[in-house]
Amino acid sequence: MMSTLQNIFAIPELRRRIMFTLGMLAVYRVGCHIPTPGVDAHVLAKFFEGTEGTLLGLVSAFTGGALKQMAVFALGIMPYISSSIIFQLLTVVFEPIEKLSKEGEQGRKKITQYTRYGTIALAIIQGTGIATGLQGMVGPAGEPVVPNPGIGFILMTVITLTAGTAFIMWLGEQITERGIGNGISLIIFAGIVAGTPSAIVNSMRLVETGAMTVTTVVFILALMLIVVAAIVYMESARRRVPIHYAKRVVGMRNMGGQASHLPLKINMSGVIPPIFASSIMMFPATIANFIDAPWVKSVSAVLAPSHWVYNVFYVAFIVFFCYFYTAITFNPVNVAENVKNQGGFVPGIRPGKETADYLDTVLGRLTFAGAIYISLVCVLPTLLINQLNVPFFFGGTSLLIVVGVGMDTASQIEAHLISRSYEGFMKGVSLKGRQG
């Protein structure tokens, strides 16, 4: 481990990228503690104490607690994620965007530009909704969250939150370009990991008071290691579909005659299904915070994360969105056609429609296995909290994001190290022709 760290910081470019990334993440964390003008933070904190297990609690976890404090980064990077998902879906169902996606680098730049515009528009809409909602919120004792409501407060809040989201988006792009790893993913990673110290402190207090035994703590730590190892294994797993290319004569050269494979991930949809499923399932509990009606409270109680009805519907939505998102992002017909045009074929399968049907069957089985895997990880926090009284959430969407971002960042660091090794092999070697 120490030798690896020495190798990382021995490379000036890699060291500079890592320090730049850490510096940008530090700026992000500072912004999560700068309050929005006109909001009573103490009253708002009391209001958020009852939002665990609601959509507000989920969004607050992704923003690193900035939403609970109504900081300038309260919206976090969620508007950008929503805009990215919208344009990714439009790439499949809207022909002009689909044409742009096939125009190479220029088309991708245009879609990125549209995604930024969509982020600002969503931030304005969400900021307006939050500002309007804040004016009607009161604390447990009836004290208002906004002492001086009005159009001035709404405008100031919308401008502040939208500017905060735009700045976070810029931070993410800077990290991607000049740092290491995917900037947007690392910002979400930082927001989730920010709650780790408080979780450790709460666990230590429970052990000191006797509410949690040392044996339970050891068991939880062992379970954490097993779950993380299982996620790393599943996220790295690939189903390799063999592809053979027939020999072709192009001009005076023989082309093809080689074997390759088509790697298919078990989890093709990533963390999108649990995010969508969580948003849908937590919507009733979120509405219950603003509507004082008995039937709304009853529905909210049944759909609480600790209730079995919630978990059944939660798993069903995860499975549905796994199949739905995979069907949108991966088209077996197009893949089979591309393989056929390149002179390739799957051994034992006829090119064209039969290859597409074969890929669709394989993908369906992989998606089912991936949906079960994601469901188990997402239901894990409920089991730990209900059965072992764990004082923090371990598992779910947050854990999938943290492990996935960690693996991606580690692979990029490894790529830099390997590239540096190849440069070392070529040091002092001239590739120019000798002069006679």
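# Reading aromatic pairs, burial and helices in a predicted model

Tyr-28, Phe-73, Phe-167 and Trp-170 form one aromatic cluster in this predicted model.

User: How many aromatic pairs does a search of the whole structure find?

Analyst: The search returns 7 aromatic pairs. One of them joins Phe-87 and Tyr-114, with 6.4 Å from centre to centre and 20° between the planes.

User: Why does the pair of Phe-87 and Tyr-114 count as stacked?

Analyst: Ring planes under 30 degrees apart count as stacked. The planes of Phe-87 and Tyr-114 are 20° apart, so this pair is stacked. Phe-87 belongs to helix α5 (residues 78-93) and Tyr-114 to helix α7 (residues 105-136), so their pairing ties together parts that are 27 residues apart in sequence.

User: Are Phe-87 and Tyr-114 buried or partly exposed?

Analyst: Buried means under 20% relative accessible area, and exposed means over 50%, with partly exposed in between. Phe-87 has 14% relative accessibility and therefore counts as buried, whereas Tyr-114, at 29%, counts as partly exposed.

User: Where do Phe-320 and Phe-324 lie, and how many residues apart are they?

Analyst: Both lie in helix α14 (residues 308-329); being 4 residues apart, they are separated by about one helical turn.

User: How is the span of a helix read, for instance in helix α11 (residues 214-236)?

Analyst: The distance from the first C-alpha to the last is set beside the span expected at 1.5 Å a residue. Helix α11 has 23 residues and reaches 33 Å, close to the expected 33 Å.

User: Which residues of α11 are buried?

Analyst: The buried residues of α11 are Ile-220, Met-224, Val-227, Ile-231, Met-234 and Glu-235.

User: What separates Ala-163 and Ala-123 in sequence and in space?

Analyst: These two alanines are 40 residues apart in sequence, and their C-alpha atoms are 8.8 Å apart in space. Ala-163 is part of helix α8 (residues 151-178) and counts as partly exposed, at 43% relative accessibility.

User: What values describe the protein as a whole?

Analyst: The protein has 17 helices and 5 strands. Of its 436 residues, 39% count as buried. Among contacts with a separation of 6 or more, 71% are between residues 24 or more positions apart.

Key. Residues are numbered from 1 along each chain as its sequence is written. This is a predicted model: local features need pLDDT of at least 70, side-chain atom pairs count only at pLDDT 80 or more; totals for chains, interfaces and linings use all residues. Side-chain values use heavy atoms; hydrogens and water are left out. Rings of Phe, Tyr and Trp (its six-membered ring) pair if their centres lie within 6.5 Å; planes under 30 degrees apart count as stacked, over 60 as edge-to-face and the rest as tilted. Helices (H or I, at least four residues) and strands (E, at least two) are DSSP runs, numbered from the N terminus. Buried means under 20% relative accessible area, exposed over 50%, partly exposed in between (1.4 Å probe, protein chains only). The expected span of a helix is 1.5 Å times one less than its number of residues. Contact means heavy atoms within 4.5 Å.
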